[in-house]
Amino acid sequence: MLLIAQPKISESRWTLMLASLLIVGMLVAFHWIVRDATQTGELRRQATAAQALAMMRCNALPSWDISRTCMKELNNKAMAHASIGFGTALASADTGYAQD
């Protein structure tokens, strides 16, 4: 039986350093993505809490007419804020520039 010797794969220093840099870069990118997602989630939670508080204040008003007017204004502000964010996202996607 003839045995064929397997060639030894030697890892050079450059290959090891390049692999290390690649792994560190991937970890840094993962950290940025997770941090951004965490901040976005926290901002969304704060916005939801503020909206719930504003609705509670509107519902606590003494008159039904005043309460209804307050809710309409609250909904108008929420819709205006949502449309501004949506328009900015579309503008930046189409042109590559965000509108302020």
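The structure holds one disulfide, and its partners are C58 and C70, whose sulfur atoms sit 1.8 Å apart. A disulfide is a covalent bond between the sulfur atoms of two cysteines. About the S-S bond of C58 and C70 the torsion is about -55°, so this disulfide is left-handed. C58 belongs to helix α1 (residues 13-59) and C70 to helix α2, so the bond ties together parts that are twelve residues apart in sequence. The two cysteines can also be described by their accessibility: C58 has a relative accessibility of 2% and counts as buried, whereas C70, with a relative accessible area of 22%, is partly exposed.

Helix α2, which spans residues 64-95, also contains S67. With a relative accessible area of 10%, S67 is buried because this value falls under the 20% cut-off. Once its neighbours within four places in sequence are set aside, S67 is in contact with C58, N59 and L61.

The protein has an average pLDDT of 78, and 70% of the residues score at least 70. Over residues 87-100, pLDDT stays under 50, and for this stretch the model has six contacts beyond four places in sequence. Where pLDDT is low, the predicted coordinates should not be read in detail.

Technical notes
Residues are numbered from 1 along each chain as its sequence is written. This is a predicted model: local features need pLDDT of at least 70, side-chain atom pairs count only at pLDDT 80 or more; totals for chains, interfaces and linings use all residues. Side-chain values use heavy atoms; hydrogens and water are left out. Helices (H or I, at least four residues) and strands (E, at least two) are DSSP runs, numbered from the N terminus. Buried means under 20% relative accessible area, exposed over 50%, partly exposed in between (1.4 Å probe, protein chains only). Contact means heavy atoms within 4.5 Å. A disulfide is a pair of cysteine sulfur atoms within 2.5 Å. pLDDT is the predictor's confidence in each residue, from 0 to 100.
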